[in-house]
Amino acid sequence: MQEVAYPVLTVLIFFPLLAAIGLFFLRGENTVRIYTLVVSVIELALSYPLFAGFKLESAAFQFVERMDWVGQWGVEYYLGTDGISFLMIILTIAVLPLCVLCSWTYITTRIKEFHFCLLFMTAACVGVFTALDLVLFYVFWEAMLVPMYLLIAVWGGPEKRYASLKFFLYTLAGSALLLVAIVAFRVAGGTFAIPELMEQNFAFSFQFWAFLALALAFAIKVPMFPFHTWLPAAHVQAPTAGSVILASVLLKMGTYGFLRFNLPLTPAASEYFAPFMIAISIAGILYGGIVALGQNDIKKVIAYSSVGHMGFVTLGIFLFNQRGLEGALFQMLNHGITTGGLFMMIGAVYERSHSRELGDNLGLGKYMPAYMFFWGLFALSSFGFPGTNSFVGEILVFVGAFEQNPWIGALMVPGAMVAAAYMLRVSLKLAWGRPTSWKQWPDLNLREWTYLVVPAVFVLYIGLAPGLCFKVMDASLIKLEKDVKEGAKVVSIEKERPMEMALNSLKGILK
Amino acid sequence: MNVNPYPFMPELSMFLIIALLFVQAVGSERMRHKVGVWLPIASLLPIAVSLLSVGQEGLFFHGAYQIDPLSQFFKVAIAIGFSVTIFNATRQPTLVTEKRSDYFLFLAISAWGLMMLASSVELITMYLALELSSYALYAIIALRAKDKGAAEAAIKYIMFGAVSTALALYGFSYILAGMHTTYLAELVQKTWSFEAAPMAVTGMGLFLLGMFYKLALFPFHFWCPDVYEGASNETAAFVATLPKLGAVVILIRLAAMFKPGYDITTVIAVLGALSMTFGNLAALAQKDVKRILGYSSVAHAGYIMIGLVSGTAEGLAAASFYALAYVAMNLTCFWVVSRVSVDGRNLQLDDLNGLHKRAPALAFALAVGAFALVGLPPMAGFMGKLFLFSSGWNHGYNWLIIIAGINTAISIYYYLGLVRHAYTKDAAEDLPLPDTSVFSFAGAALLSLLVLGLGMMPAGVFDFALKVGSVVP
C-alpha cells in the first residue's frame with residue numbers, strides 16, 4: 001500500500017469533472033478556453049505525486065484506494081495503478097492541454113459544451129485506466145462514450161451524424177456482453193475486485209466464454225480487423241481534438257482491456273485463442289496498410305494506419321513473451337504520441353486550406369518549413385524509423401514474433417514496409433508536390449508550435465532513451481507474463497478437446 | 001373489530017384526497033377550477049405518510065391484507081409516482097376545465113387501488129384491487145373521446161382489459177378447485193409443478209395473464225403502444241408507470257411459487273425473452289415518441305422477469321429496484337414529452353429537434369432518461385440491470401441474461417435516437433416553443449437527480465429492496 005497524503009487517483013478523476021461544472025458560470029469564448037487550459041495544466045500538476053511516489057521495482061498495484069460502494073453486491077470504489085496503466089494515465093492527462101490548444105481557433109460554436117466534453121472525457125478515461133473493480137471499470141468505460149459521441153456528432157464534419165451513430169452503436173453493442181461477463185466473473189469468483197479475481201484459476205470452459213465476451217468488447221474498441229469499420233468514419237468526421245483523443249486514448253482502452261482482463265483472468269483461453277488473435281492482428285496490419293496506401297484524404301490515411309498500428313499492439317500482446325508484451329505497451333504509448341501529433345498537424349493544415357484532400361495541400365515545404373519539419377518527424381516515427389519512439393516498440397514486437405515463430409515475424413515484414421510506403425507517399429506530396437492553386441499560407445504560429453513541440457520531444461526522447469519507460473513497465477509485465485503462463489498451465493489439463501468442451505459448456509450455460 | 005388505523009395511513013391519505021376530489025367533482029361549476037391549486041400540494045401528503053409508515057407490519061382482514069416491507073416499499077414508490085404525475089398533469093392542455101376534477105379523481109382512485117394491490121395477499125382481494133385501479137384508467141383514457149385516436153385507444157384498453165380479466169377469473173376458479181385455498185401464504189406451500197397439480201398450474205397461468213396484461217408483457221402488450229399514443233401525454237405518463245408497479249408487486253408475491261425448473265417458471269422466462277426482443281425490435285421502427293416509450297416498456301417488462309425467475313431474495317429485490325428505477329426513468333422521459341408538447345399533440349421524433357437550444361434543461365433530462373433506459377452508467381437503469389443480471393446468473397436461466405445483454409445492444413439505437421434529435425439536429429422554425437418555466441425546469445432537475453442518484457448511490461434503496469425480497473418465503 002502506498003503512503004500518500006491524499007487520494008491522488010480520485011483527485012485526478014474528479015478534479016476535471018468538478019472543473020467542468022465551473023465552465024457554466026463563465027462568459028466569453030476566450031475565458032472558457034483559458035479556463036480549460038489552466039484546468040488541464042493543473043490536472044497535469046496534480047499528477048506529480050504519481051511520478052514522485054511510483055515504485056519502479058514493484059509489480060503490485062500502487063496508490064490504491066478502496067471503499068465500499070454497493071455493499072450488498074460487493075461493488076467497490078477500488079482504484080490503483082501499476083506499470084501497465086501508469087503510462088496510459090499520464091498519456092491521457094498530457095493529451096488534454098494539447099487538445100485544448102489545437103481546438104483554440106478550430107472550434108467556434110458551443111464552446112462551453114465542447115470543453116465540458118473534453119474534461120468529462122478525461123475524467124472517464126483516467127477512471128478506465130485506474131479502476132480495479134469490474135463494475136467501476138464498466139461505469140467509466142461506458143461513461144466515456146457519451147462525450148465522445150457528442151464530440152463527433154456536434155462538432156464533426158459533414159457526415160458527423162452517421163459517423164457518431166456508428167461509433168456509438170459499435171462500441172456499446174460490443175460492451176453489452178461485457179456486462180454479462182462481468183456478472184459471470186462475480187458469480188464464479190465471488191468478487192468484482194480485479195486483483196482478487198487474478199488470483200483464481202477458473203475452469204477452462206468458463207474462461208473460453210468469458211474470453212470471447214471480453215474480447216468482443218475490446219476488439220471493437222481497439223479496433224481489430226474486421227471490427228474496425230467505425231474507426232475511419234469516426235476519425236474523419238471528428239474535430240481535431242476528437243481525433244486526437246480517439247487515437248491517443250480511446251483506442252488504447254481496448255488493448256489495455258486485453259492486458260488487464262483477458263490475459264490475467266482467462267490465461268488458458270488466451271493461450272488457446274492466441275493463434276487466432278495473431279492471425280487477425282496480422283490481417284489488420286496488412287489490410288490497414290494497403291487501404292491507407294490508396295487514400296487521398298490525409299485523415300483517412302492516418303485513420304487506416306491506426307488499424308495497422310494497433311494490429312502490432314494486439315499481435316505483441318498475444319505473443320505471450322516478454323518482448324512482445326513490452327513492445328505492445330510501448331506501441332500503445334507511441335501510437336498515442338505519434339498519431340495524436342499527426343492528427344493535430346492535419347487539423348493545423350485544415351484550418352488553412354479547409355480541405356483534407358492531399359491534392360489541395362501540395363507543396364507545403366516551400367512556405368511552411370516548420371510545419372514540414374514536424375510532419376516529417378511524426379511521419380518517420382509513424383513507420384518506425386530508427387531513433388524515433390515507434391522504432392523501439394516495433395522492433396520489440398518483431399523480436400518477440402521471431403522468438404515465438406519465424407513465420408509470424410516474416411508475415412509482419414510486409415506490413416512494416418507498406419507503412420513506410422504510404423507515409424512517404426503522403427509526406428512526399430505534402431512537401432514537394434506541385435500546388436494546383438496554392439496560396440501562401442502562414443507557417444506555424446506560437447500556439448501551434450507549443451502543442452506540436454510536446455509530442456515531438458517525446459518522439460525523440462523515447463526513441464533515443466527508452467530506458468525510463470522500460471523501468472516503469474517491466475516489473476508489472478514480467479509478473480503478468482509469469483502469471484499468464486502459470487495460469488495457463490494450471491488449467492491446461494482440461495484443454496484436450498476444447499471445441500467439444502466448449503459446446504458442452506455452452507449447453508451448460510444455456511440449460 | 002378493533003383495527004389500528006396507523007398501518008393504513010398511506011391508503012387513508014389517498015382516500016382523503018379522493019374524498020375531496022369527489023366533493024369538488026360533484027360540486028358547483030365554480031369549485032371545479034380550483035383543483036390545480038391545492039391538489040399538487042396535497043399529493044405530497046401520501047409520500048410523507050407512506051415514508052412514515054415504512055416500519056409498520058401486520059396481517060389484517062382475516063389474513064387477506066398484509067402490511068410488510070414489500071407493500072410499504074411499493075406504496076412509497078406509488079405515492080411518489082402519483083405526485084409526479086399530478087404535478088405533470090396540472091398543465092394538461094387538452095383537458096377541458098369541467099372535466100379536470102373528474103380526471104384527477106380517477107387518477108387518485110387508480111393509485112389508491114394500486115396501493116391496496118401492494119398489500120393484498122389473497123387472490124380475490126388482489127383481483128378487486130386490480131380492477132379498482134383498472135376501471136379508473138378505462139374512464140380516463142376515454143376522457144378525450146372526441147379525438148378518434150383516443151376513442152380507439154380507450155376501446156382497445158377496455159376490450160383487452162376485459163378479456164384478460166375474464167381469463168384471470170377463469171384461472172382463479174381453477175386454482176381454487178385445484179388447491180382449495182386463495183391465500184398466498186397457503187398457496188406457496190404447495191407444489192406447483194405441472195405433474196403434481198395440472199389444474200392449479202393451468203389456473204395460475206391464466207391468473208398471471210391478468211398481471212402480464214397490466215405489465216404489457218409479450219404477447220399481452222398489444223394495447224400498450226396504441227393506448228399511449230391515443231391517451232394524452234400526461235395520462236400516458238401515469239398509465240406507463242404506476243400500474244407496472246402494481247403488476248410487479250403481485251408477481252413478486254407470487255414469485256415464491258416459481259421455483260427455477262418448474263414449467264410455469266420456464267414459461268415466464270421465455271415470455272420475458274420474447275418480450276424484450278419483440279419490444280426492442282418493434283421500437284426500432286417507431287417515429288412517435290410515445291409509441292417508442294410504449295414498446296420500450298414491453299421490453300422492460302421482459303427484463304424484470306429475470307429477477308422473478310431466479311427464485312432468490314436478491315432476485316426479487318433486484319426486480320423491485322428495477323421497477324422503481326423504471327418508473328423514475330420513464331417519468332423523466334414523460335415529463336420532457338409533456339413539457340415539449342405544449343399544445344398537447346403527440347410528439348414525433350422530429351419535434352425534439354434542436355431541443356438543446358430551445359430548452360437545455362429538458363434536453364438534458366431527456367438524455368438522462370434515455371441513457372438510463374439503455375442501461376448506461378452512472379444512471380439508475382445500469383445499476384438495475386447489474387442487480388438483475390447478478391441475481392439471475394447461475395440460477396438456471398443464463399440464456400435469459402445473455403439475451404437481455406444482446407437486447408440492450410439492440411435498444412441503443414432508438415433510445416439514442418431521442419438524444420440524437422435533441423442534441424444534433426436543428427429545429428424547424430415553425431415548432432412551438434417548449435415550456436421553459438421554472439416549474440418545467442424544477443421537475444426536470446428533480447427527476448434527473450433521482451435517476452442519477454439511484455444510479456450512483458443505490459446502496460440505501462437496494463438494502464431496503466432486499467428487505468422487500470426476503471419477505472417472500
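**Ground rules.** I number residues from 1 along each chain as its sequence is written, and chains are lettered from A and ligands numbered from 1 in the order in which they are written. Because the model is predicted, I kept to local features with pLDDT of at least 70 and side-chain atom pairs at pLDDT 80 or more, while totals for chains, interfaces and linings use all residues, and side-chain values use heavy atoms, with hydrogens and water left out.

**Chain A overall.** I found 21 helices and two strands in chain A; helices (H or I, at least four residues) and strands (E, at least two) are DSSP runs, numbered from the N terminus. The radius of gyration of chain A, 22 Å, is close to the 24 Å that the globule rule gives for 511 residues, so chain A is as compact as a globular protein of that length. That radius is taken over C-alpha atoms, and the rule is 2.2 Å times the number of residues to the power 0.38. Of the 511 residues in chain A, 65% are buried (buried is under 20% relative accessible area, exposed over 50%, partly exposed in between, with a 1.4 Å probe and protein chains only).

**A helix pair in chain B.** I looked up H4 (residues 69-89) and H5 (residues 100-119) of chain B, which pack at an angle of about 165° with their axes 9 Å apart. Axes are lines fitted to C-alpha atoms, for helices over the stretch in contact, and angles run from 0 to 180 degrees between N-to-C directions. That angle makes H4(B) roughly antiparallel to H5(B) (the term covers angles over 145 degrees).

Most residues other than glycine have a negative phi, and most peptide bonds are trans. I noted a cis peptide bond from Phe218(B) to Pro219(B), with omega near -5°; Pro219(B) lies in the loop between H9 (198-215) and H10 (223-230). Another cis bond runs from Pro377(B) to Pro378(B), with omega near 0°, and Pro378(B) sits in the loop between H16 (360-374) and H17 (380-392).

I also checked positive phi values. Phe61(B) has phi near 50° and is partly exposed, at 39% relative accessible area. His180(B) has phi of about 60° and is exposed, at 65%.

Key
Angles under 35 degrees count as roughly parallel, over 145 as roughly antiparallel, 65 to 115 as roughly perpendicular and the rest as oblique.
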